[in-house]
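Welcome! Before reading on, please take a moment to look over the sequence and turn the model around.

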Amino acid sequence: ATTLGAAAAQSGRYFGTAIAAGRLGDSAYTTIAAREFNMVTPENEMKPDATEPQQNQFNFTAGDQIYNWATSHGMRVRGHTLAWHSQQPGWMQSLSGTALRNAMINHIQKVMAHYQGKLAYWDVVNEAFNEDGSRRQSNLQGTGNDWIEVAFRTARAADPSTKLCYNDYNIENWSYAKTQGVYNMVKDFKSRGVPIDCVGLQTHFTGGSSLPSNFQTTLSSFAALGVDVALTEADVTNASTTQYGGLTQACVNVPRCVGITVWGVRDSDSWRSSESPLLFDGSGNKKAAYTSVLNAL
Ligand code: XIL
């Protein structure tokens, strides 16, 4: 295969990218994206501050723009994200307790109703753990430790057709406390029947040249709990070919690793653009890391 999407599809996987609505008018950008990828994650457009700017007043314009672009190019879409401590609209930041709990539930119901039956996955909850494996203190956590399972139960009822994911960063190293914290939550959810279908490992690698220790063990251990795993926001400092090839190989080696998404198209599109962490340079040329990924798929 000669593109990332087609190469991933040979083993039933997808290869995706984050897409920004504001760049859809850039034909150099859309040409690469349409050619190489078969899954799209809206980079910011389906986050709570974008979809519910005023309480109970929803705006799906930018999210729909990305959805329509993706599906018109035969790509599927991962929704990102419904409940998160960051990128909350101002009105939500100032809520707490029952009012916030109810607002979270309403947000999940309304946003999922809009996209009902359309999205392959939803990142229901994003980044709810601290580095030491404890729960992150946030206004959502302040509503009670059960807020995550409430979010997942609400999501399942709102759209039973989409796969529900927990998504986080720094959960790639199996020996790391945060990885174990998330693992124990997923294990608990599976044992109690809380609906969860997948774990997204963001895979933002910073520095170094090797993979986080036991990365493949992390993927297979989550998978053994009965969930799919995916690498959801991959980017790598200076696009290390060893790390890009290795993260791809780790996913390919784990049957329930369903796909890889890189967090942008060209280095110039990246939220970490000064680190040149993506597979295409600012001029749209394939970098060495592109070849490492393609060869590993
Ligand atoms: C980032 C976007 O790339 C930026 O454009 C935005 O300013 C901040 O958020 N973890 C996530 C993503 O789950 O949503 C974040 O995306 C990167 C870290």
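This report walks through the ligand site, the pockets, the cavities and a disulfide.

This is a predicted model, in which local features need pLDDT of at least 70, side-chain atom pairs count only at pLDDT 80 or more, and totals for chains, interfaces and linings use all residues. Residues are numbered from 1 along each chain as its sequence is written, and side-chain values use heavy atoms, with hydrogens and water left out.

**The ligand and its shell**

Let us begin with the ligand. Around it are 13 residues, and the closest are Glu43, Lys47, His80, Glu233 and Trp263; a residue is near a molecule if one of its heavy atoms lies within 4 Å of it. By class, this shell holds three nonpolar, six polar and four charged residues. Here Ala, Val, Leu, Ile, Met, Phe, Trp, Tyr, Cys and Pro count as nonpolar, Asp, Glu, Lys and Arg as charged, and the others, Gly among them, as polar.

Lys47 has a polar side-chain atom 2.7 Å from an oxygen atom of the ligand, and for Asn126 the corresponding distance is 2.9 Å. A polar contact is a pair of N or O atoms within 3.5 Å. Taken alone, the ligand exposes 410 Å², and the protein buries 78% of that (areas come from the Shrake-Rupley method with a 1.4 Å probe).

**Pockets and cavities**

Rolling a probe the size of a water molecule over the atoms shows where empty space is left. On a 1 Å grid over the protein atoms alone, a cavity is a set of points where a 1.4 Å probe fits but cannot get out, while a pocket is an open set with protein on both sides within 12 Å along at least five of seven lines; lining residues have an atom within 4 Å of a point. A volume is the space filled by probe spheres set on the points, which are joined across faces, edges and corners.

| Space | Volume |
|---|---|
| Largest pocket | about 250 Å³ |
| Second largest pocket | about 180 Å³ |
| Largest cavity | about 40 Å³ |
| Second largest cavity | about 30 Å³ |

Where does the ligand sit? The ligand sits in the largest pocket, meaning that more than half of its atoms lie within 2 Å of the pocket's grid points. Of the 16 residues lining the largest pocket, Glu127, Gln202, His204, Glu233 and Trp271 lie nearest its centre. That lining divides into four nonpolar, eight polar and four charged residues.

The second largest pocket has a lining that includes Asn170, Tyr176, His204 and Gln243. Its classes are three nonpolar, seven polar and one charged.

The count of cavities of 30 Å³ or more comes to two. Among the residues that line the largest cavity are Trp84, Asn126, Glu127 and Leu140, and its lining has four nonpolar, four polar and two charged residues.

**Disulfides**

How many disulfides are there? The count is two, with a disulfide taken as a pair of cysteine sulfur atoms within 2.5 Å. One of them joins Cys165 to Cys198, with an S to S distance of 2.0 Å. The torsion about the S-S bond of Cys165 and Cys198 is about -80 degrees, so this disulfide is left-handed.

Key. A polar contact is a pair of N or O atoms within 3.5 Å; within protein, one must be able to donate a hydrogen and the other to accept it, and residues adjacent in sequence count only if both atoms are side-chain atoms.
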